[in-house]
Amino acid sequence: MRMIGKAGKAAAIAAIAALALTACGRAEPGTSSGTTGATGGFAQDSAIGVALPKKTSENWVLAEKLFNDGLNSAGFKPTVQFANNGVAEQQNQISAMIAKGAKVIIVGALDGSQLGTQLQQAKDAGATIIAYDRLLLNTANVDYYVAYDNFKVGELQGQALLDGMKAKKPSGPYNIELLAGSPDDANAKVFFDGAMKVLKPKIDDGTLKVLSGQTTFEKAVTQDWKAENAQRRMDTLLTGSYGTASLDGVLSPNDTLARAVITSVKAAGKPLPVITGQDSEEQSVKSILAGEQYSTINKDTRKLVEHAIVMVKDLQAGKTPEVNDDKSYNNTVKTVPAFLLPPVIVTAANVKTAYVDDPVLGPLTK
Amino acid sequence: MNALKKLFGGDTRQFGMIFALVALIVLFQWLTGGITLTPGNVINLFNGNSYILILAIGMVLVIIAGHIDLSVGSVAAFVGMVVAIAMREWHIPWFLAILLGLGLGALIGAWQGMWTAYVGIPAFIVTLAGMLIFRGAQQFVGQSNSIPVPREFQYIGAGYLPEIGPATGYNNLTLLLGLAGVAFVIYSEVRRRRTAKALGAEVSETWVSVLRLVLICAAILYATYLFATGRPGTSFPIPGLILAVMVLIYGFVSSKTVVGRHVYAVGGNRHAAELSGVKSKKINFLVMMNMSIIAGLAGMIFVARSTSAGPSDGTGWELDAIAAVFIGGAAVTGGVGTVIGSIIGGLVMAVLNNGLQLLSVGADWQSMIKGLVLLVAVAIDVYNKSQGRASIIGLMMKNFNRPSGAPGTPLQPDEVTSTKETISREA
Amino acid sequence: MTSHTTHTDPVILEMRSITKEFPGVKALSEVSLRVKAGEIHAICGENGAGKSTLMKVLSGVYPYGSYDGDIVYQNEVQQFKDIRASEAAGIVIIHQELALIPELSIMENIFLGNEPTKRGVINWAEARLRSTELLARVGLREDPDTAIKEIGVGKQQLVEIAKSLNKSVKILILDEPTAALNESDSQHLLDLMLGLKGKGITSIIISHKLNEIEQIADSITIIRDGKAIETLDVKADGVDEDRIIKGMVGRALESRFPDHTPKIGDVFFEVKNWNVAHPQIQDRLVCKNSNFFVRRGEIVGFAGLMGAGRTELARSVFGRSYGHFVSGKVYVDGREVTLKSVHQAIDAGLGYVTEDRKSLGLNLLDDIKTTTVSANLEKISKRSVVDTNKEFEVAEQYRKSLRTKAPSVEEGVAKLSGGNQQKVVLAKWMFTDPELLILDEPTRGIDVGAKYEIYGIIQQLANQGKGVIVISSELPELLGLSDRIYTIFEGAITGVLDKEEASQESLMKLMTSARKAA
């Protein structure tokens with residue numbers, strides 16, 4: 001019993017000591033900057049978080065470098081991270097950025113609708129949230145959206161597909177197949193819808209035929225934007241529906257998938273159809289120069305990152321960042337003020353002029 | 001050094017994993033300039049990993065029984081998706097939705113348990129099939145879309161203990177919880193000593209017990225302090241609470257109940273267990289079924305935290321859970337492992353993840369570092385076993401879970417036992 | 001009586017003052033051993049005496065430098081750094097657990113790791129030729145292409161020896177070679193060893209079967225507690241079993257069996273017309289129309305050669321834990337019972353101690369107390385929650401009453417010696433409070449002293465009015481222990497003899513003939 005008394009006493013002392021140490025209790029709310037949006041501004045050397053999705057294309061790699069360089073040279077302390085292992089990782093990364101006291105968090109979401117809790121945390125901690133490239137859905141806690149006009153991208157792709165096929169074969173009907181992006185990327189559906197706005201009427205009037213019959217977004221998706229998934233689907237479509245019929249065009253939402261389609265068609269020994277793309281990846285620009293891929297979209301990552309950093313600087317200075325669309329982007333909870341940059345379609349016709357300013361792609365086209 | 005040995009009983013290495021965890025926390029606390037042990041970050045740590053830790057609880061039982069479950073990620077995602085759809089499309093209230101999720105998990109578990117236990121197909125195959133089946137089923141029912149869940153449901157994944165009672169500057173419920181934890185630890189140590197004495201087992205010296213208690217209680221109180229002083233509106237997170245309850249329940253079931261004993265027996269030597277009257281098929285069935293129920297729970301917590309169910313939920317979770325269990329000292333061959341050990345293993349991974357993220361280390365490096373940690377942790381364990389020492393966590397937890405053993409009793413010097421083992425092979 | 005080696009034969013191997021320490025324990029202390037070329041040298045000692053450690057030092061398992069002392073082999077001090085080095089020198093050890101791969105053929109096993117090659121390609125023609133020759137040398141008439149799993153343990157042992165002959169062995173070390181063999185296979189092996197001796201091969205044998213040692217050994221070194229006690233010259237010293245036992249235990253054992261006056265009551269357990277089929281081959285009966293009964297307080301022996309169906313009979317009765325039940329009835333106290341599962345069998349008062357302690361009897365990961373209560377957890381549980389205090393008490397009680405040698409009941413069973421492991425298994429079954437306890441080879445791999453204690457436990461159970469069935473390959477054990485002995489041959493019970501009328505000869509006759517049941 002003596003022992004018990006001792007042990008109990010010791011523990012009690014430890015308990016009291018521990019609480020005494022912390023006599024002030026929890027920190028008062030509002031000691032952090034606590035404000036949102038544009039009112040206060042914050043220190044020049046604040047932490048800035050940039051949460052990017054999976055490192056699956058050259059553009060994301062480039063974006064990482066640009067964000068690091070741009071934010072560093074502006075005097076900020078950037079944390080730029082990719083979520084290669086899924087949504088859960090991105091959630092934890094955003095939490096870590098909040099813990100580090102990030103004043104602005106730029107989010108290129110892996111799944112725009114699965115970050116609600118962390119965005120709430122960020123807001124509570126007083127951070128401003130900018131959705132980068134992909135809109136954050138189902139949350140009130142997103143302040144700005146900066147992106148290329150993705151619906152426009154889809155429209156341009158659809159139009160390019162029509163133009164390209166017409167140039168090859170003056171009159172229809174044309175056989176086409178449709179590829180969409182990953183279903184967990186909010187933009188994928190926007191691209192597809194934009195393209196379908198142009199293509200749907202032509203499908204309805206019989207100018208375009210989708211022999212596989214797979215014309216809805218759900219059927220056309222490419223999980224995780226993975227080339228292998230697109231290639232596998234294309235292989236199946238070619239053997240299933242194009243044994244004898246010719247394939248005139250393929251709507252591909254980006255360059256990685258476009259090249260997967262080219263690989264698949266070549267493997268099947270078929271003539272290359274007109275294939276669209278997006279992102280201006282180096283390989284695809286070469287492919288366009290070689291006359292294989294028909295088109296890509298130039299959404300210069302440099303400009304997008306540049307503008308995102310401009311927004312951060314505005315917020316730091318206490319200014320309201322400029323937006324040019326405060327009506328279109330409703331995320332089911334609020335309409336997010338957006339700054340949209342215009343995309344440019346690139347085909348063999350304008351490839352030489354489109355990348356004049358680009359340090360990597362420019363030399364390729366000379 | 002001698003003092004340490006006395007404190008932990010024989011071999012400090014038995015406590016390797018706890019030391020590793022503490023060292024890791026201290027290291028990151030230093031490297032991140034004190035961010036690691038801030039209330040906000042500790043809360044994040046629990047919020048962001050509780051579903052993996054919960055999975056590890058089910059997984060350790062599966063692994064103790066000598067199986068493996070590769071389907072947990074898919075099952076979690078499927079259950080999460082169905083529950084999300086049930087609430088949005090059929091408008092069923094959140095508590096019924098949770099019951100539905102657990103029921104669905106049980107059903108899936110019964111399916112996998114049937115193949116494993118009664119048809120006799122290795123769990124590896126059954127759950128590999130399950131991984132594909134339920135991933136597909138999840139994408140089919142969800143149409144590869146993200147489905148949002150209502151605010152009340154989000155509480156189980158993103159909620160906190162509410163603020164009640166007088167304004168003390170702390171979160172009162174968290175304080176109570178912490179004090180209850182301290183009381184429980186002291187009570188059980190005292191009781192353990194008393195019964196050990198009554199049974200005539202060796203009892204460790206008083207100062208050893210006291211120092212142990214002080215260390216453990218200080219850790220609990222410090223954690224309580226962190227949780228109770230977070231940003232207003234935050235406190236001890238609900239998923240952490242669910243985890244704590246699960247640890248208590250399963251820790252108890254695995255070490256103190258007939259079923260728990262039978263799981264170890266079946267995993268340790270199925271034939272010997274059967275010849276002792278253990279119904280090994282039933283045990284295998286229960287273990288597999290339990291795993292899927294827990295996977296369903298983890299899936300729902302994740303969906304609640306993510307505010308919606310998405311098509312790629314749960315990818316790779318099985319591997320995270322399995323890694324936690326093996327870091328925590330379980331054996332691939334079955335029969336060895338503890339719930340607490342797996343939680344510590346999971347926490348090592350979680351702290352590592354969190355610390356590396358705070359240090360802005362890229363996902364590529366994180367993955368490499370985690371892989372190496374898994375390898376090294378298990379290698380140390382294997383090395384110790386080959387030296388005749390028992391598994392780090394296994395031995396360490398033995399003293400915690402089985403009170404009849406004198407706590408902190410200096411074990412037989414392991415070197416001696418290792419020789420004995422060698423000699424006893426003479427026959 | 002100690003070593004007076006005649007220096008007529010050249011010494012091929014001498015181990016000088018070998019000391020092997022493990023941290024905290026001296027496993028061998030200044031052990032010296034002289035083996036003459038061409039002799040059969042036996043090493044005797046109780047479990048844990050250090051026999052295997054000594055052989056591991058010799059064969060390089062413990063490399064040079066990890067022990068003190070010298071190994072002088074063919075007049076040179078050897079420094080083996082691993083088993084390969086000792087094998088290259090012609091010292092081959094054959095372990096109790098055979099190192100054969102069941103799925104491969106005899107030929108493939110013989111040449112495993114030592115394949116005859118021609119420019120890197122295995123020359124199977126040569127391998128076949130050589131294996132036929134080697135098999136002939138060991139007297140094994142099997143096709144070299146037969147898979148190892150298809151031949152019995154006895155023949156597997158011969159394959160191991162053939163394998164060692166292929167490595168041009170000079171000293172062959174056999175660790176308990178006959179432990180798993182039946183009488184005739186054992187005899188064959190012993191004859192073979194004598195044959196090899198005639199061809200100039202030196203053998204070192206470790207065995208608990210003292211009668212065999214007496215039969216073939218030229219000299220015997222006795223080891224006790226890590227020290228070489230004495231070396232006996234079998235012929236010159238006129239050594240017999242009792243003499244060896246005296247050396248091993250350090251005192252003369254007056255009797256190999258404790259005194260016991262049976263108090264036999266009424267028949268309480270009876271099996272009638274018991275038929276069971278092989279688990280894989282449904283039309284092959286492993287138990288053929290067997291009938292037997294057990295009376296209270298009676299110790300019943302089951303005699304039969306290995307593979308006769310003794311274990312099959314016992315296990316099929318014990319909750320159908322072996323084979324496919326075909327027909328038959330079990331009566332307990334005159335009432336018919338159906339025992340479809342082990343659980344039911346335990347509930348009906350049966351217990352079964354397996355012959356294969358390590359793979360069927362014990363969970364080697366468990367400690368003593370967990371094992372002790374594992375077959376009757378319900379008894380110490382309330383609403384399915386195990387009372388760990390009671391568990392400790394129960395285990396402690398059995399540890400004391402059975403005199404299990406262990407520092408505490410928290411010791412892992414893997415760390416115990418064979419005899420103490422068996423006591424833990426016995427405790428486990430005694431705790432289920434069985435009316436009938438079936439013991440399958442209860443003293444296999446157990447040293448003399450522990451055997452005596454286990455016999456005592458068995459007799460004590462009988463004194464309490466329980467029935468005991470003892471299955472054993474060692475006829476002296478059955479004769480010394482049983483009140484009545486059934487003989488089994490090819491799945492059928494061929495006879496039953498009372499203690500008074502049973503002898504090794506009469507039993508052997510019934511064990512090897514298909515005579516109709518008496």
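In the predicted model, the exposed residues Ser184(C), Asp191(C) and Gly198(C) lie on the face of helix α6(C) that is turned away from the buried side of this helix. The buried residues of α6(C) are Asp185(C), Ser186(C), Leu189(C), Leu190(C), Met193(C) and Leu196(C), and because they cover an arc of only 140 degrees around the axis, they are placed on the same side of the helix. The cover over these buried residues includes the strands β3 (40-44), β9 (171-175) and β10 (202-206) of chain C, together with the helices α5 (153-166) and α7 (210-216) of that chain. The length of α6(C) was also examined: its 16 residues, 183-198, should span 22 Å at 1.5 Å a residue, and the end C-alpha atoms are 23 Å apart, which agrees with that expectation. Just after the helix, Gly200(C) adopts a positive phi of about 90 degrees.

Chain C as a whole contains 18 helices and 24 strands, and its C-alpha atoms fill a box of roughly 70 × 50 × 50 Å along the principal axes.

Elsewhere in the model, 52 residues of chain B are in contact with 44 residues of chain A. On the side of chain B that touches chain A, α9(B) provides the largest share, 10 residues, and by class this side has 19 nonpolar, 28 polar and 5 charged residues.

Terms used:
Residues are numbered from 1 along each chain as its sequence is written. Chains are lettered from A and ligands numbered from 1 in the order in which they are written. This is a predicted model: local features need pLDDT of at least 70, side-chain atom pairs count only at pLDDT 80 or more; totals for chains, interfaces and linings use all residues. Two residues are in contact if their C-beta atoms, placed from the backbone, lie within 7 Å. Helices (H or I, at least four residues) and strands (E, at least two) are DSSP runs, numbered from the N terminus. Ala, Val, Leu, Ile, Met, Phe, Trp, Tyr, Cys and Pro count as nonpolar, Asp, Glu, Lys and Arg as charged, and the others, Gly among them, as polar. The expected span of a helix is 1.5 Å times one less than its number of residues. A residue is buried if 20 or more other C-beta atoms lie within 10 Å of its own, exposed if 12 or fewer, and partly exposed in between; C-beta atoms are placed from the backbone. The arc is that of the directions from the helix axis to the C-beta atoms.
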